[in-house]
Amino acid sequence: MKRERIQNKKTIAIIVLMILISVGVITYFIYINIKKEDEGKTEAVYEESELNKLLKRDLSEDYPPTAREVLKFYSRILCQFYGDTQIEDEDFDILVDQLRELYASELLEENSKETQIQNLKDEIQEYRDISKKIRGYQIEKADSAISWESEEKELQRLIAVYTFLQNNRTGQTYEEFLLCKEDGKWKILGWNTVDGAEMDFY
């Protein structure tokens with residue numbers, strides 16, 4: 001009888017130990033999976049925050065290296081202004097500063113920051129009144145751009161096409177940009193709307 005009781009106690013102890021080990025392993029894997037899901041959600045939120053990326057970029061240290069890249073950054077900001085994003089006043093002001101960093105000195109002289117902010121807000125409201133939003137953009141390839149020199153200044157002309165959505169219909173606007181080099185950096189000198197044309201954007 002004693003041997004049977006001892007054997008039964010050992011069996012019970014082994015069973016309890018195996019159960020504890022199993023519970024521990026299961027708990028560990030549940031913890032790892034939850035942690036991975038949380039990290040994935042955090043990364044996804046960060047990746048989707050285009051506005052945050054634009055606000056954080058320090059153009060004094062990380063200025064776009066080419067005329068085309070300047071237009072890309074400019075267009076990314078436009079997509080925030082004229083898209084779905086609700087922008088706080090403080091962030092709006094920072095984005096305007098980012099835009100002005102891309103402007104040539106001549107263009108800055110013609111447009112004060114206060115005037116630019118008011119004009120932007122008025123135009124954004126006009127877009128909202130007619131349910132119009134910019135949905136994307138494409139920039140002409142660099143090797144298709146027209147470049148020349150005038151009065152010892154490097155100039156480049158690039159076309160950008162902006163896709164917009166209005167009343168569930170899509171459309172496109174073509175803008176011709178003129179950029180010049182100032183202190184080794186490409187700056188936007190001006191732009192105007194042009195008729196659509198066959199351009200190489202890829």
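What follows is a short tour of strands, salt bridges and a charged patch.

First, some ground rules: this is a predicted model, so local features need pLDDT of at least 70 and side-chain atom pairs count only at pLDDT 80 or more, while totals for chains, interfaces and linings use all residues. Residues are numbered from 1 along each chain as its sequence is written, and side-chain values use heavy atoms, with hydrogens and water left out.

**The strands**

Helices (H or I, at least four residues) and strands (E, at least two) are DSSP runs, numbered from the N terminus. Two strands count as paired if DSSP finds at least two bridges between them.

Let's start with β1, which covers residues 132-139 and pairs with β3, residues 153-166, in the antiparallel sense over seven bridges. If you want a spot to look at, find G136: its bridge partner in β3 is T163.

Strand β3 also runs antiparallel to β2 (residues 146-150), and five bridges join these two. Here S150 has K153 of β3 as its bridge partner. How many residues sit between β2 and β3 in their hairpin? There are two, and E151 in the turn has a positive phi of about 55 degrees.

Next comes β4, residues 169-182, which pairs with β3 in the antiparallel sense over twelve bridges. In this pairing, R157 stands opposite L178 in β4. The hairpin of β3 and β4 has two residues between the strands as well, and N167 takes a positive phi near 50 degrees there. One handy background point: in a regular strand the side chains alternate between the two faces of the sheet.

**The salt bridges**

A salt bridge here means a side-chain nitrogen of Lys or Arg within 4 Å of a carboxyl oxygen of Asp or Glu. The structure holds nine of them, including these:

| Pair | N to O distance |
|---|---|
| E69 and K72 | 3.5 Å |
| R135 and D84 | 2.6 Å |
| E176 and R157 | 3.4 Å |

So where do these partners sit? E69 and K72 are three residues apart in helix α3 (residues 67-81), which separates them by about one helical turn.

The next pair reaches across the sequence: R135 lies in strand β1 and D84 in the loop between α3 and α4 (89-101), so the pair ties together parts that are 51 residues apart in sequence. D84 and R135 are also linked with K133 in a network of salt bridges.

As for the last pair, E176 lies in β4 and R157 in β3, so parts that are 19 residues apart in sequence are tied together.

Are these side chains buried or exposed? Buried means under 20% relative accessible area, exposed means over 50%, and partly exposed is in between (1.4 Å probe, protein chains only). E69 is partly exposed at 32%, and K72 also counts as partly exposed at 26%. R135 is partly exposed at 44%, and D84 is partly exposed at 43%. E176, at 23%, counts as partly exposed too.

**A negative patch**

Which residues form a negative surface patch? They are D122, E123, E126 and D129. Patches take residues with over 30% relative accessible area and no salt bridge, and like charges are joined within 9 Å. Asp and Glu count as negative. D122 is found in helix α6, residues 113-129, and is partly exposed, with a relative accessible area of 37%.

Methods: Patch = residues over 30% accessible without salt bridge, like charges linked within 9 Å, V, L, I, M, F, W, Y side chains within 5 Å. Areas by Shrake-Rupley, 256 points an atom, 1.4 Å probe, with all protein chains shown as cover. Charge placed at Lys NZ, Arg CZ, Asp CG, Glu CD.
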